[in-house]
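Take a look first, then work through the solutions one step at a time.

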Amino acid sequence: MQLSIHQLIKKYNSSIVLDIPFLEVKSGELIGIVGNNGAGKTTLLRLITDLIEPGSGEIKINNQPITQSKEWKKQTGSFLDEGFLIGFLTPEEFFNFNGFTYGISPDAIEQRLPEYTNFMNGEVIKTQKYLRQLSTGNKQKAGIIAAMIVNPSLLLLDEPFNFLDPTSQIIIKNLLKKKNKETGATMLISSHNINHIADICSRIILLEKGRIIKDVPTTDKQKVEEIQNYFTTHAE
Amino acid sequence: MLFKLIDHTWKMFRRSEYFGRSMFAIVLIIFITFFIISQLVLVGRMLPGLLQENFPQKSPAEWVYGFLLIIMLADLGFRIGFQKLPSKQIAPYLHLPVKHSLLSIYQIIRSWIHPFNIYLLFFFWPFIKLTINPAHSSQVAGLVGIAMLMAINQGLVMALKNLRFNKKSIPFYATAVILCAVLLIFFFPINWAALGLSLFLAMVNIKPTAFISLTLLIILSHVWAYFQIKYKLHYTLDQDGNSLADNGLSGWERILASIPVFGPYWVLEWQLVTRNKRSKINFWIMIPIALALAFFVGIRPPTEPETFIVIIFMIAGGYGNLHFQYALSWESHFFDFLATRNIDMKKFIQAKFNFYLAYSFLQLLIVLPILFWFNVDLAILFTGLFFYSTGFGYFFYLRIGILNPSRIDANGSASFNMEGITGARFLQIFVMLMSIFPFMIIGLIVPYPHLTSILFAITGVLFIITQNLWTRYLAAKLESRKYTNLNLYREK
């Protein structure tokens, strides 16, 4: 799926939190969004998922403004934060309901789940627990699986590596790469971890105070290094 | 899809954390529910007789049905203030391919499942049974009519609570609405009593025009609510960004912080109380309640002030009397922080004690002149109970609070929130109430003017002036209990 952003501005209490004149994401790209806290990463993902209203500007998915048609939702999977989990469902019920909204049967969901067995590490399903009773890391896993299990053409994940143990971080990195290769899905992943992003993404966007200040392909090692240096310089 | 969502409503109810809570909380919820229902039924049954006896110039039916529209207006105001709508519970569905129109309908259906949509029926049903003659009119139609009026209010409250406007303009809109209402009443005087009565008569006489009008109004209010909800679905999440707090301390907080010794603790206490929904609600209404009590008791014919002793006792201790019933539970969500910092627990407890003492003293200063004006005996009793409640009472609650590991969210829902309610807590309030009776008995046995009040005051003042001693004792107890409480907080 192709995504484009035109003259997008989002304000809170008259201060601009996001200002993107133009951004294009080609079909099948795996893009990493990096930036310090408050850079606007989550706001951008929430705007793309049409969860908040832009002050001005437009976001198009497959050349259709997202506010005009909701067709894109059937091809988009997302997990932005814990607030998107339905706490009183078990993970199995949640996956099934999530699948149902995309027109996927519970049987199909059950068939797809083994792909995530390693990632779940025996702690997510068949635990006789509701989502709200899982640990923060396992809630994160449930949210990521729900977003990925529907095999979306556009996948949006906000800080997917947060709260995960090192093994799970590696597993999810490999899963994302594999899915991107196999299905050709467009993926937007935000993270503070520049190394993980550089490992899996084909392009990195650096946001700072709501503006894109760098947009580089990961094939250009020098430019990736520039992004890493950007954070180092800010830390000094 | 709608059925799936409705099924989620059932699951959410059945799997609610209340069911995992203590048996006492469940029994208490059931008891309170039955108590409220029985009270409403009782009022409905007794009111006709009472009205007939005290105001024989008009029939009870004329009185109550004449007030029908006012009752409904009050119901609407009550709903606007207290009825919680499930807008936040829709958030997890927003990113899924579920139509917003469907979510709006679901939200309307969910909003309907609320006790506010039935409570008036428990009053009206016995009242209608006693005041409407089934030989000439339909009692059921009367009740259906009342239910329809409540349905209009339900639609209106959903629409009004989902209106999208800047919070800063609320005073402007409120003033405009009040002005319009005053102008309307002034230029187009309406006989509300006659209108309410005619409406009710039309309902019990099953006049089609009445029911058609009510049905239309229900549809209109719900359609309005539907569009408001649909329009606001985006805004549900937008509010997260808009609720940015101002940076730094306010002017008042800076003044508090500058007070030596207790300043920083008082700022923390102030922020804890005023920035959290549950702790905030009683903080602002306690002084108005005390004022209302002063007027209510004051304007009554002279009686023994002891008649009201339990009510006075509950109010004389001010906001602290309510707050300390959950002593040290308010901090449960950040107790790890407190426990790992270099905080002098004695100072922490003492600051807490003096903060609420000062606030209650302010309440005393405001209420006392009114009480003195109306009834000197009452003013003396109030003062005695102020000292007892803030001295011994605060000590008692703090001491129990140290043993109390219940975890409550200070920012949780302010009304109908059973979090932190346990049998032990109920018992502690009961013991506290019982503790005043020995003083009253001494006052009855020994014929000395105001002895009860004097004894209350002496006991209280003793605790206030010896606070250095007992706060040290409480701090030591808290330190030794810290690990147990922290473990229990985590488990919960």
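Before starting, one convention: axes are lines fitted to C-alpha atoms, for helices over the stretch in contact, and angles run from 0 to 180 degrees between N-to-C directions. Keep in mind too that this is a predicted model.

**Exercise 1.** Find the order of the strands in the open sheet of chain A, and its edges.

Step 1. The sheet has 6 strands, and reading across gives S6-S7-S8-S3-S9-S10 in chain A, with mixed pairing.
Step 2. Strand S6 (76-79) and strand S10 (211-217) of chain A each pair on one side only, which marks them as the edge strands.
Step 3. From one strand to the next, the twist averages 15 degrees.

**Exercise 2.** Describe how S3 and S8 of chain A are joined.

Step 1. Strand S3 (residues 30-35) and strand S8 (residues 186-191) of chain A run parallel and are joined by 5 bridges.
Step 2. For one such partner, go to A:Ile33: its bridge partner in S8(A) is A:Ser190.

**Exercise 3.** Which strands does helix H5 of chain A lie across?

Step 1. Locate helix H5 at residues 136-148 of chain A.
Step 2. Helix H5 lies across S6 and strand S7 (154-158) of chain A.
Step 3. Relative to S6(A), the helix runs at about 175 degrees.

**Exercise 4.** Work out what chain A brings to its contact with chain B.

Step 1. Contact involves 24 residues of chain A and 19 residues of chain B.
Step 2. Helix H2 (residues 91-101) of chain A gives the largest share of the chain A side, 4 residues.
Step 3. By type, that side of chain A divides into 13 nonpolar, 6 polar and 5 charged residues.

Notes
Residues are numbered from 1 along each chain as its sequence is written. Chains are lettered from A and ligands numbered from 1 in the order in which they are written. This is a predicted model: local features need pLDDT of at least 70, side-chain atom pairs count only at pLDDT 80 or more; totals for chains, interfaces and linings use all residues. Two residues are in contact if their C-beta atoms, placed from the backbone, lie within 7 Å. Helices (H or I, at least four residues) and strands (E, at least two) are DSSP runs, numbered from the N terminus. Ala, Val, Leu, Ile, Met, Phe, Trp, Tyr, Cys and Pro count as nonpolar, Asp, Glu, Lys and Arg as charged, and the others, Gly among them, as polar. Two strands pair if DSSP finds at least two bridges between them.
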